[in-house]
Amino acid sequence: MTLALTRKTWRDDRRAVVGWAAGVAAFTGIYTGFYTQFQGAAELKQDALPKGMLDFLGIADMLSPAGYLQATVFSLIGPLLVLMCAVLLAARTIARPEEEGGMELLLANPISRVAFAGQRLAAAGAALTAVAAMPGAVLLILVPAIGMDIPLSRVVAAAVGLVALAWCFAGIAFLTGAATGRRGHVLAVTGVIAVATYMANALGGMVDGLGWLRYLSPFYYFIGTDPLQTGWHPGALLLLVAVAAVTTTAGVILFDRRDVGV
Amino acid sequence: MTRDIAVLTEDLTKFYGSHRGIEGLNLEVRAGEVLGFLGPNGAGKTTTIRLLLDFLRPTRGNATILGRDPRRDKAALHRQIGYLPGELSFPGRDTAAGLLRFLGDARGGVAWSRVTDLAGRLELDLSRPVRAMSKGNKQKVGLVQAFMHEPALLILDEPTSGLDPLMQQEFLGMVRDARVGGQTVFMSSHVLAEVQQSADRVAIIRDGRLAAVEQVESLGRRAIRTVEIHFDDPVDADEFSGLPGVSDVVVSGPILRCTVDGRLDPLVKAAARHEVVDLLSAEPDLEETFLSYYYRAEGARDDTRAHA
């Protein structure tokens, strides 16, 4: 009885999770592995791209190890992959079975609605954490292996930030799915918020007078604090976790109150 | 709340926005009985069942299941309920065995021999992935999971849909066994015959309202059927419309269509005067005839009783 639903959820999500974890790990490994060959080209790229474009892409400089990791793994595609996985797994907790009809058998399990949501969240949360932690795990091996000159604690700080970012958006996605039971809504709402807050962080960093915009963006608390250069910012990370906790709790409450499968 | 009543609904009402699902449903399922819940598609059967299981929340009124509140006591209640969804869909890629193990574990453990017994009875291969199964086999998986933990209350939504006639009989046998074992069965259907065979009482729902609750005996062994006869040559409708029990006679050229209530003998004798090419007889869908006949007027009900 204990956690039967969590184990079932893992089993059902196994393929997707393994695929995403492998993809994210490969992406991190390949980009990081290019570091040594990339140094010459980086200079060219750095000169070729206008300053504004570099700022917008979150690329401060591509020459230092910190700048290189920030430009490759932690700026656009890394978070993008992890957030896509977060939305996918969050949508699977409630919205997908509700739309596809498998929900009735799952919900007929002898557990309360809150416990149901809890077990689904536990499974999805653990799987998502594993995927989001992949860049950190790969970097912990590769950074010393190829001799990148950057303290591992800073790499871990950025990698943990990526996990916190994933939780934050997974919370928003879960809330949407738990409240509406519609996968389309999950993708639309989370996607729009992700793009809007990414832009807010990018523009806030570039345009004078719009600096305050950055503080509205989860991306700022993830990478705007520059963890690869400056290390840990527990307050920023806790804020991301708090957003995840609040949205998740709200989702469970709304799910407990509504009609399911209408 | 007395333990003699397995399911009690009082003024149970569900609106979806302004659309009425069910309204003012007062229903009582006694412990240990088999209650057939009959009605045409869209009448509110599934809405009622989902309210009983706390998937939906009532707009008004309430339900009491095994003396408990469906929402507050969901966890404890669902352990004692075997539920077969009307629109059966299975989560994940498990084999039937894997899925049933999960559902058994989630309900606190089910003897595996019980599962294999039921699967054997329904001739279900447990080693195949549920996702790849035919509709009939999926329905069997649904039945096994509903019965396997020997719940006090079985709530079955259209349990025979997709089953072939042999398996329908097997299912009715399972319902009889459950009744003997003291389990309560609440099963919806839109087919009168299967309910007649297995139920003690029948509740009839139409347009979201409870139309009647009757002992099965008082429904009578009504044998209404539609008959179609193909003759070699065109026939005259007048020859048939006056026959006892025959109504709704329509003749188009050599083809006669009519509804027969009771014995077919008068119609067959009349038809034998002509060259008969083909004769088709079908039990009409409840939706089409039974309800409209039974509830056309109060007088029709008395007529039905007289037949019984």
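How many residues of E6 in chain B are buried? Five of its five residues are, so strand E6(B) is mostly covered; a residue counts as buried if 20 or more other C-beta atoms lie within 10 Å of its own, exposed if 12 or fewer, and partly exposed in between, with C-beta atoms placed from the backbone.

Before you click further, note that this is a predicted model, in which local features need pLDDT of at least 70 and side-chain atom pairs count only at pLDDT 80 or more, while totals for chains, interfaces and linings use all residues. Residues are numbered from 1 along each chain as its sequence is written, and chains are lettered from A and ligands numbered from 1 in the order in which they are written.

**Stop 1: the sheet of chain B**

Select residues 153-157 of chain B to bring up E6(B). Helices (H or I, at least four residues) and strands (E, at least two) are DSSP runs, numbered from the N terminus. Now widen the view to the open sheet of six strands in chain B, whose order is E5-E6-E7-E3-E8-E9, with mixed pairing. Two strands pair if DSSP finds at least two bridges between them. At the edges you will find E5 (81-84) and E9 (209-215) of chain B; each has a single partner strand, so one side of each is left without a neighbour in the sheet. From one strand to the next, the twist averages 15°. Axes here are lines fitted to C-alpha atoms, for helices over the stretch in contact, and angles run from 0 to 180 degrees between N-to-C directions.

**Stop 2: the partners of E6(B)**

Strands of a sheet pair through backbone hydrogen bonds, either parallel or antiparallel. On one side, E5(B) and E6(B) run parallel and are joined by four bridges. Pick B:Gly82 and its bridge partner B:Leu154, then B:Leu84 with its bridge partner B:Leu156. E6(B) also runs parallel to E7(B), with five bridges between them; here B:Ile155 stands opposite B:Phe186.

In a regular strand the side chains alternate between the two faces of the sheet. Show the side chains of E6(B): B:Leu153, B:Ile155 and B:Asp157 lie on one side, B:Leu154 and B:Leu156 on the other, and all are buried.

**Stop 3: helices across the sheet**

Which strands does helix H5 of chain B lie across? Select residues 135-147 and you will see H5(B) across E5 and E6, running at about 170° to E5(B). Next, select 165-180 of chain B for helix H6, which lies across E3 (34-38), E6 and E7 (184-189) and runs at about 150° to E7(B). Together, E6(B), H6(B) and E7(B) make a right-handed β-α-β unit: with the strands pointing away from the viewer, the path from the first strand over the helix to the second runs clockwise.

**Stop 4: three loop residues of chain B**

Most residues other than glycine have a negative phi, and most peptide bonds are trans. Go to B:Glu150 in the loop between H5 and E6 of chain B, where phi is near 45°, a positive value. B:Glu150 counts as partly exposed because it has 15 C-beta neighbours inside 10 Å. Another positive phi, about 55°, belongs to B:Asp207, in the loop between E8 (201-206) and E9 of chain B. With 14 C-beta neighbours inside 10 Å, B:Asp207 also counts as partly exposed.

Then visit B:Leu56, in the loop between H1 (45-52) and E4 (60-65) of chain B. B:Leu56 counts as buried because 23 C-beta neighbours lie inside 10 Å.

**Stop 5: where the chains meet**

The contact takes 25 residues from chain A and 22 residues from chain B; two residues are in contact if their C-beta atoms, placed from the backbone, lie within 7 Å. On the side of chain A that touches chain B, the largest share, five residues, comes from H1(A).

**Stop 6: helix packing in chain A**

Finish with H10 (residues 152-180) and H11 (residues 183-206) of chain A, which pack at an angle of about 145° with their axes 8 Å apart. Among the residues making this contact are A:Phe169 and A:Ile172 of H10(A) and A:Val186 and A:Val189 of H11(A).
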